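I am opening a notebook on a structure I have not looked at before. The entries below follow the order in which I looked things up.

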Amino acid sequence: MTPFSGIVIHGLKRGKEFGFPTANILLDQTDATIEPGVYATELTLDNEKHQGMLYVGTRPTLNLSKRSVEIHIFNFNRSIYGIQIQFYVLKKIRGDQRFNSIEELIAQIENDQAAIKAFFETNS
Ligand SMILES: Cc1cc2nc3c(=O)[nH]c(=O)nc-3n(C[C@H](O)[C@H](O)[C@H](O)COP(=O)(O)O)c2cc1C
């Protein structure tokens, strides 16, 4: 499996408010197609492996429409802007969705986290 790669760019910084900060990624593969959705991902940065949740979508809950590729890295709180990362798209959990409130989005992301952690427990 070939990994995707890209550089970490500044997002809207809303993720931090939500309790799920994300590294927003500018993909090197400009023609890359990752179907919109939420995935378990394994990534490498500075030669270290990490696990996390990948989101690809337009962030419809925030009324945005441009594709965003973001990763919430588990157990991680360093600033990594400008750093190159590589990641594998391992398992799709669900599609992109519009929620009626930020609270509902956060509740769903908490469920995603439980599902993805369970995936890693049985698959790593
Ligand atoms: C695991 C995960 C799942 C997400 N699912 C959705 C979703 O279904 N719908 C949506 O509008 N945004 C979703 N988001 C995106 C959040 O809206 C986004 O992280 C937030 O807007 C912060 O963006 P920022 O990093 O540019 O500030 C998800 C984010 C994560 C980490």
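Entry 1. Which residue in β4 does V38 stand opposite? I looked it up and found Y55. I note here that the model is a predicted one.

Entry 2. I stayed with the strands of that pair. β3 and β4 run antiparallel and are joined by nine bridges. The hairpin they form has two residues between the strands. In this hairpin I found D46 with a positive phi near 50°.

Entry 3. I then stepped back to the whole chain. I counted two helices and six strands in the protein chain. Read from the N terminus, the order of elements is β-α-β-β-β-β-β-α. The radius of gyration is 14 Å, close to the 14 Å that the globule rule gives for 124 residues, so the protein chain is as compact as a globular protein of that length. Along the principal axes, the C-alpha atoms fill a box of roughly 40 × 30 × 30 Å.

Entry 4. I looked up burial and contacts for the protein chain. Of its 124 residues, 19% are buried. I also took the contacts between residues at least 6 apart in sequence, and 63% of these join residues at least 24 apart.

Entry 5. To which strand is β3 joined by seven bridges? The strand is β6, and the two run antiparallel. I wrote down two of the partners in β6: E42 is bridged to Y88, and T41 is bridged to V89.

Entry 6. I followed β6 to its pairing with β1, which covers residues 4–9. This pairing is antiparallel as well and has four bridges. F4 stands opposite F87 in β6, and the bridge partner of S5 in β6 is Q86.

Entry 7. β1 also pairs with β2, again in the antiparallel sense, and four bridges join them. I noted G6, which stands opposite L27 in β2. From these entries I can write the pairings as a chain of strands: β2 with β1, β1 with β6, β6 with β3, and β3 with β4.

Entry 8. Which members of the largest nonpolar core touch the most other members? I found I25, M53, L54 and I71, in a core of 17 residues. At least two residues of this core come from each of β2 (23–27), β3 (37–45), β4, β5 and β6 (84–94).

Entry 9. Leaving out residues up to four places away in sequence, L54 touches Y39, T41, I71, F87 and V89. T41 and V89 had already come up as bridge partners, and F87 as the residue opposite F4. I71 is also one of the core residues that touch the most other members.

Entry 10. I turned to the ligand. How many residues surround it? I found 23, and the closest are G11, L12, R14, G15 and T61. Two or more residues of this shell come from each of α1 (14–18), β4 (48–57), β5 (68–73) and α2 (102–123). By type, the shell holds nine nonpolar, eight polar and six charged residues.

Entry 11. I next looked at the loop between β4 and β5, where L62 has its place.

Entry 12. Where is N75 found? I located it in the loop between β5 and β6. N75, a residue other than glycine, has a positive phi near 50°. It counts as exposed because it has 7 C-beta neighbours inside 10 Å, and the cut-off for exposed is 12 or fewer.

Methods. Residues are numbered from 1 along each chain as its sequence is written. This is a predicted model: local features need pLDDT of at least 70, side-chain atom pairs count only at pLDDT 80 or more; totals for chains, interfaces and linings use all residues. A residue is near a molecule or strand if its C-beta atom, placed from the backbone, lies within 6 Å of it. Ala, Val, Leu, Ile, Met, Phe, Trp, Tyr, Cys and Pro count as nonpolar, Asp, Glu, Lys and Arg as charged, and the others, Gly among them, as polar. The radius of gyration is taken over C-alpha atoms; the globule rule is 2.2 Å times the number of residues to the power 0.38. A residue is buried if 20 or more other C-beta atoms lie within 10 Å of its own, exposed if 12 or fewer, and partly exposed in between; C-beta atoms are placed from the backbone. Two residues are in contact if their C-beta atoms, placed from the backbone, lie within 7 Å. A nonpolar core is a set of buried Ala, Val, Leu, Ile, Met, Phe, Trp, Tyr and Cys residues joined through C-beta atoms within 7 Å. Two strands pair if DSSP finds at least two bridges between them.
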